[in-house]
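Dear colleague,

Please find below the structure that I am handing over to you. A summary of what was found around its ligands follows.

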Amino acid sequence: MKTQVAIVGAGPAGLMLAHLLHLADIESVIIEARSRSYVEGRIRAGVLEQGTVDLLNAIGVGERMRREGLLHQGIELGFAGKRHRIDMQQLTGQAVMVYGQHEVVKDLIRARLFAGEKIVFEADSVSIHDFANGSPLVRYEKDGMHHELNCDYIAGCDGFHGVCRPSVPTNALAVYERVYPFGWLGVLADAAPSQGELVYMNHANGFALFSMRSPTVTRLYLQCDPADDIAGWSDDRIWNELLCRFKCSDGWEPNVGRITQKSITPMRSFVTEPMQFGRLFLAGDAAHIVPPTGAKGMNLAIADARVLARALAEFYSAGSTARLGDYSQTCLRRIWKAQRFSWWMTSMLHQFPDASQFDRRRQIAELDYVTSSQIAARSLAENYVGLPMEDPDQWAG
Ligand code: FAD
Ligand code: DHB
């Protein structure tokens, strides 16, 4: 089999890249290790930056998001038993959309299959070859048969645990990493959200986040030990801890309901430089991970896909590799700013096991500053709604 771009991974990065390439008349094949139902049911991120929302609309896959997504013009930061609103709309003129990542994934898969384009689900033993120069090749097995996909370029969109990044010679990539001494326990609950906006809560027992997925489903997170076994977190224990951490002087609390999904995610900051090796381009979590406190991971994955699609379009339409050569640099400038923001939000809101009383008081002073100074609040809001893309007009209209 032969194609122009072989895409490894059908997450937000791979699916968005495939759709943008399709719009530019560039052929691609997506090779995905999991089944369609698995990737469409994988519960992860929930916050779309304004630029991501605009892109989904511009490329014709935003119809369900406009109907079912929840537009949020502000968020709340809580500490010392009080919640404080950051009015993003007023501070930046922009908002975010709460719409599950798995819904974005469903919309992109539907659009791809509707266009008659190919996704190979449940591909086993995926490996990539000959991408240093020359003619790249992806090998995989499907239903016990060996397959080879020849291509001009490989897009490694296979997430943090994928095969593409580890296939690059180790001395060719520099890695910058910080592992945090905590994780997030995330739950989905059949409970109507008890208020309309997200609450990021700093509490002495640890961070907690109140979010939502629909008018009947609440999404909640608790800071926990990353080594915790989820079996040790009974539903009762989860609700006790959530209600304790969200306790506010005005009596607000999340509604309690049946927990339908729970899992623990470790937290790290991680960047690979460069994001390219020969004819292999890494995009999304394959190249970088942010702690989820800034709600940036999926948005960065989609932003990478956008930069890469544009560079490939320039190559196929004009024969120029200039943008492909700039791919890493273009993405990394914005990625490092999102890394900084995600690290800062994480540091401000979580309890660190080795924190001193001085650290704790400084943390509360920072929250007090950010929620009482319009200038500080504006900086938070500007980063939260998403810093500008390199090419804001590229996919407009
Ligand atoms: P992935 O979504 O990981 O997709 C990679 C794909 O590659 C997968 O489908 C995988 O099955 C496939 N794959 C892996 N290995 C192979 C292989 N060998 N061969 C073929 N296919 C393979 N981000 C936000 O923007 N906002 C948020 O609010 C937010 N909240 C989060 C909350 C939590 C609890 C977590 C865990 C993450 C959150 N994120 C958030 C981060 C976001 O989910 C990720 O950054 C996003 O999934 C990255 O997309 P991706 O396409 O790069 O990788
Ligand atoms: C959600 C996830 C995040 O990481 C975040 O910062 C806000 C909301 C969510 O899943 O709804």
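A polar contact is here a pair of N or O atoms within 3.5 Å. The pair formed by a polar side-chain atom of R213 and an oxygen atom of ligand 2, at 2.7 Å, lies within that cut-off. Please note that the model is predicted.

One of its oxygen atoms lies 2.6 Å from a polar side-chain atom of S211, and an oxygen atom is 2.7 Å from a polar backbone atom of P292. The protein covers 97% of the 290 Å² of accessible area that ligand 2 has on its own. Two elements, β15 (208-214) and β16 (217-224), each give two or more residues to the shell, and β15 gives the most, with three. In total, 15 residues surround ligand 2, and Y200 and Y221 are among the closest. By class, the shell comprises nine nonpolar, three polar and three charged residues.

Turning to ligand 1, there are 34 residues around it, of which E32, R42, Q101, D285 and M298 come nearest. A polar side-chain atom of Q101 is 2.7 Å from an oxygen atom of ligand 1. Polar backbone atoms also take part: that of G46 lies 3.2 Å from an oxygen atom of the ligand, and that of N299 lies 3.1 Å from one. Of the 1000 Å² of accessible area that ligand 1 has on its own, the protein covers 89%. The elements giving two or more residues to this shell are α1 (12-23) and α8 (297-318); α8 gives the most, with four. The shell around ligand 1 holds 17 nonpolar, 10 polar and seven charged residues.

Yours sincerely

Technical notes:
Residues numbered from 1 in each chain as written. Chains lettered and ligands numbered in written order. Predicted model: local features only at pLDDT ≥ 70, side-chain atom pairs only at ≥ 80, totals over all residues. Heavy atoms only, no water. Near = heavy atom within 4 Å. Polar contact = N/O pair within 3.5 Å; in protein donor to acceptor, adjacent residues only side chain to side chain. Areas by Shrake-Rupley, 256 points an atom, 1.4 Å probe, with all protein chains shown as cover. Nonpolar A, V, L, I, M, F, W, Y, C, P; charged D, E, K, R; others polar.
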